[in-house]
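Subject: Two-chain model for your files

Hello,

Please find the structure below. My notes on the cavities and on the contact between the chains follow it.

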Amino acid sequence: MNENAESLFDTDSRHSWNIQRFLSYHCKQSSAVLIHSILISIIQRFTPEILRKGIHGDTMTENGCEYRERVLTMDTMNPNVKRVEYAVRGPIVQRAVQIERELKMGIKKPFTEVIRANIGDCHAMGQKPITFFRQVLALCSYPDLLEDGKFPEDAKSRARRILQACGGGSLGAYSTSQGIEMIRQDIARYIERRDGGITCDPDNIYLSTGASDAIVTMLKLLVSGEGMSRTGVMISIPQYPLYSATLAELGAVQISYYLDEDNCWSLDISELRRALQEAKKHCSPRALCIINPGNPTGQVQSRQCIEGVIRFAAAEKLFLMADEVYQDNVYADGCKFHSFKKVLFEMGLEYSEKVELASFHSTSKCYMGECGFRGGYMEVVNLDPEVKVQLTKLVSVRLCPPVPGQALLDVVVNPPQPDEPSYDTFIKERTDTLATLAEKANMTQEILNQVPGIKCNPVQGAMYTFPRIHLPPKAILEAKEKEQTPDMFYCMKLLEETGICLVPGSGFGQRDGTYHFRMTILPPKEKLKIVLAKIKEFHQHFMAQYS
Amino acid sequence: MTNRNMSALNESIKIARWILREKTLTLDTLNPQVKAVEYAVRGPIVIKAGEIERYLEEGGTKPFSEVIKANIGDAHAMGQKPITFLRQVVALCTFPELMDSPSFPEDAKRRARRILQGCGGHSLGSYSASPGVECIRKDIAAYIEQRDEGVPSDWENVYLTTGASDGIMTILRLLVSGKDSSRTGVMIPIPQYPLYSAAISEMDAVQVNYYLDEDNCWALDINELHRSYQAAKQHCQPRVICIINPGNPTGQVQSKKCIEEVLHFAYEENLFVMSDEVYQDNVYAPDCQFHSFKKVLYEMGPEYFNSVELVSFHSTSKGYTGECGFRGGYMEVINMDPEVKAQMVKLLSVRLCPPLAGQAAMDVIVNPPQPEEHTFKQFHQEKSSVLGALAEKAKLTEKILNAVPGIKCNPVQGAMYAFPRIFIPPKAVEEAKALGMQPDMLYCLRLLEETGICVVPGSGFGQKDGTYHFRMTILPSIEKLKVLLGKVRDFHIGFLKEYSGLE
């Protein structure tokens with residue numbers, strides 16, 4: 001009590017806030033009224049007007065005999081939620097929003113606009129939607145357009161087919177919770193084509209609200225046990241922070257395995273083994289998550305590596321989760337996307353009948369970049385039939401994934417064919433988008449590697465570069481004084497000085513003592529050049545300042 | 001058995017297990033909270049209905065030619081037409097080339113342009129901020145102010161969601177904490193919409209039931225709240241009260257006085273209030289009116305308005321639009337601790353953002369055509385025709401059901417459902433028990449098998465012990481609804497005869 005009482009009388013500006021918290025925390029019991037009236041009399045005698053107003057805010061009534069504490073406070077809220085971190089939309093992005101507002105208000109900055117290279121949001125960076133997809137969606141949204149002569153026949157036939165599969169012929173009806181059956185069949189055929197004919201059962205397809213939704217659902221199923229038997233989930237470091245955030249929220253144990261930065265961020269089986277052995281001492285490792293192509297690291301896994309992972313999962317009885325949302329985003333010569341499903345089935349019955357696998361895909365990435373529609377699906381393989389029933393039940397509580405997103409996914413897996421009128425335009429748009437991305441991947445890597453103190457692995461796939469940055473000890477010291485991670489300090493400074501918004505490596509995880517940032521390669525070429533030049537200049541200046 | 005034999009046996013069991021390779025994820029190892037979840041609206045009866053539908057499609061024969069799904073409030077699936085203006089705006093947003101088309105009205109184009117300006121890269125395909133598109137949040141706040149006759153609404157308290165369900169889950173997730181007797185208790189009405197019980201199971205919170213008064217038109221009785229709260233305090237820490245108004249599945253509309261009592265109760269007992277108001281436009285009884293919790297709280301004075309923590313939910317799925325598939329919705333959060341709010345924004349950000357098409361649909365609902373605008377007349381015609389038909393169907397349902405001996409149905413004052421009480425003869429109850437199912441499940445399964453009508457047993461929503469109900473929507477077209485109700489009547493009479501007859 002003494003210590004707290006002292007803090008009441010410091011002259012900090014957080015004064016009234018302290019008192020409110022103090023009261024709400026300590027005045028739960030019957031002595032509340034007593035403590036409160038004593039405090040009020042002290043405060044009223046010794047504290048300035050402003051402070052008194054603060055006290056008489058929303059936590060107390062006027063007469064000072066009664067007070068209300070909030071039901072939901074930092075002390076009473078779900079502790080797992082507090083542990084959640086999600087850097088991609090973290091403090092740096094919040095600051096970026098503020099700066100944008102300041103610019104709008106006319107406040108002068110050394111730059112005129114904020115460039116958001118923090119998130120894989122293609123359309124926001126100027127990428128144009130695929131015309132055919134949007135035509136079909138517009139037709140589905142407003143079927144009167146089916147009479148409009150301006151829309152091509154192939155778009156109309158797709159739209160008609162989708163609407164026929166919707167309740168009442170409307171995008172506004174709920175679908176079954178697993179997703180529209182016809183769309184699941186289309187997805188299954190698409191997967192079969194992609195995987196060279198390996199069969200895919202539509203009953204194993206679950207549509208989702210973006211891939212994130214499905215990943216969270218699968219993890220939710222997997223988490224159980226207490227203490228030593230609590231589920232552990234292996235995730236790569238660096239990782240996409242959806243994984244760490246979800247594990248924190250579910251109270252599962254995160255098992256980190258490190259990707260090999262010196263070897264193009266490749267996955268090393270002996271590192272998997274090391275991480276697993278260590279984790280077995282304090283939890284029950286049950287799932288292994290892979291992101292391929294990598295986010296934020298941009299590597300594309302070799303077939304051999306995938307085989308190694310599958311063998312490892314089989315031997316250690318781990319449930320495999322393969323995040324393959326960047327499957328069309330492969331740029332580097334000699335790299336190719338191999339789906340986990342295909343490799344699994346080519347490894348023979350011993351594996352293909354046993355290893356439990358869920359793979360995830362989305363409309364948000366690849367050449368579509370349709371993030372806002374929240375379309376996605378997962379395919380489950382070898383899932384226990386009883387568990388599948390449970391999965392279906394769980395997704396049914398949320399009713400269904402957004403139907404426009406489902407419709408979009410249907411067109412993605414069922415695009416115009418060579419004999420259809422929209423084919424040429426579709427192919428041209430798709431090729432242009434992917435070619436531009438490949439060019440930007442190359443350019444980013446080239447320019448960043450020219451900067452002394454920045455080292456960047458090739459961006460083989462996905463949409464990000466995750467360069468390592470050398471930070472001088474003086475900068476690290478200053479960051480520590482500000483209670484920031486050194487790369488957060490770096491990124492904040494970059495944002496304040498150049499308007500470029502990146503995400504510090506610490507949000508994705510990295511080896512101790514190394515520092516990185518993630519930036520997307522999505523801005524238009526001309527803008528990307530400027531961004532990279534600004535980063536170069538900033539970095540050199542930063543080094544000079546702190547060395 | 002000797003030790004050596006034992007270890008040999010153990011070894012062979014190990015090998016056998018290895019050969020069989022148990023799955024990693026089985027019913028035994030599954031998250032136990034997931035196992036505990038139940039969701040009747042899409043439960044066994046609906047799965048059975050799906051099977052029958054497929055059987056009919058494949059040419060099988062039944063005593064009926066189609067399955068009528070009256071299990072879920074899915075307006076468009078039941079033939080309700082979308083509001084033209086809403087779909088025009090969404091189509092324009094989706095394919096902005098249509099802005100040049102003369103067949104779209106200027107007011108729709110204006111809305112679409114405004115929404116697109118609020119989207120990154122002017123595309124529905126970009127992520128929005130996690131709380132939603134800023135201009136849509138502002139439109140919603142303005143709408144709430146107008147609805148509540150000037151009660152202030154801060155747009156920064158408005159969060160777009162993926163349907164109302166998503167918002168409800170998010171808030172509950174924040175609230176659940178503690179162990180054993182300090183574990184969060186969540187007060188929910190019985191009967192309830194099973195999203196609540198399912199979410200509570202999933203999060204391992206404690207469900208605290210308060211019973212609505214069936215004899216009094218499903219009204220909420222404040223004494224019952226006290227009883228339930230006091231009883232729950234023995235084993236958990238009740239921290240939230242959930243209200244559904246207008247009621248689902250029970251269709252009652254709360255009086256202003258009743259809302260005041262609930263808010264006073266919440267204030268006294270320090271409870272967080274969650275008010276599910278997705279049916280706010282669905283009020284049919286002439287003597288009933290929708291009162292928002294927010295407005296009533298405001299009118300109770302600053303002592304209440306500045307302290308009671310309240311979240312209210314709305315959605316694109318109900319009302320007169322019935323746009324379920326778009327998964328649009330919002331919540332308004334009042335008096336939430338600023339630090340907790342920051343935590344909530346963080347939590348929302350992990351899921352990136354609610355679907356943009358749903359956000360756009362929400363915008364049209366809160367910002368419909370104005371009297372001076374081109375589409376005003378058509379919009380209102382469509383809106384009142386939908387709401388008029390619903391009111392008529394609400395009346396019709398109540399009337400026909402109440403004419404059946406052994407069925408008693410409260411008036412459907414609002415929402416989209418009737419929740420009639422059905423008399424089930426002891427012999428049928430016994431038979432159900434022998435089959436290991438709830439008596440109303442037996443009843444609904446028989447109804448489905450014999451008539452093709454799919455309704456949800458009352459046990460999925462909760463009901464007083466020894467009473468039986470089902471929930472049916474009033475959404476089928478009037479002609480179909482008449483046929484359906486006639487079939488329910490015939491079935492019920494037959495059912496009574498079969499189980500109370502003297503054969």
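The second largest cavity has a lining of 21 residues, and nearest its centre lie Thr209(A), Asp213(A), Thr217(A), Val395(A) and Arg398(A). Strand E2 (205–209), H10 and H16 of chain A, together with H7 of chain B, are the elements that give two or more residues to that lining. Helices (H or I, at least four residues) and strands (E, at least two) are DSSP runs, numbered from the N terminus. The space in the second largest cavity is about 290 Å³. By class, its lining has nine nonpolar, six polar and six charged residues. Here Ala, Val, Leu, Ile, Met, Phe, Trp, Tyr, Cys and Pro count as nonpolar, Asp, Glu, Lys and Arg as charged, and the others, Gly among them, as polar.

On conventions: this is a predicted model, where local features need pLDDT of at least 70 and side-chain atom pairs count only at pLDDT 80 or more, while totals for chains, interfaces and linings use all residues. Residues are numbered from 1 along each chain as its sequence is written, chains are lettered from A and ligands numbered from 1 in the order in which they are written, and side-chain values use heavy atoms, with hydrogens and water left out.

The whole structure holds eleven cavities of 30 Å³ or more. A cavity is a set of points on a 1 Å grid over the protein atoms alone where a 1.4 Å probe fits but cannot get out, and lining residues have an atom within 4 Å of a point. Points are joined across faces, edges and corners, and a volume is the space filled by probe spheres set on them.

The largest cavity has about 340 Å³ of space. It is lined by 24 residues, of which Asp166(B), Thr170(B), Leu347(B), Leu348(B) and Arg351(B) are the closest to its centre. This lining divides into eleven nonpolar, six polar and seven charged residues.

As for the contact between the chains (heavy atoms within 4.5 Å), 97 residues of chain A and 97 residues of chain B take part. About 8200 Å² is buried between them, 56% of it from carbon and sulfur atoms; buried area is the accessible area (1.4 Å probe) lost on putting the two parts together, summed over both. Five salt bridges are counted between chain A and chain B, each a side-chain nitrogen of Lys or Arg within 4 Å of a carboxyl oxygen of Asp or Glu. One salt bridge joins Arg101(A) to Glu134(B) at 3.7 Å, N to O.

Regards

Conventions
1 Å grid on protein atoms, 1.4 Å probe; cavity = no way out; pocket = protein on both sides within 12 Å on 5 of 7 lines; lining within 4 Å.
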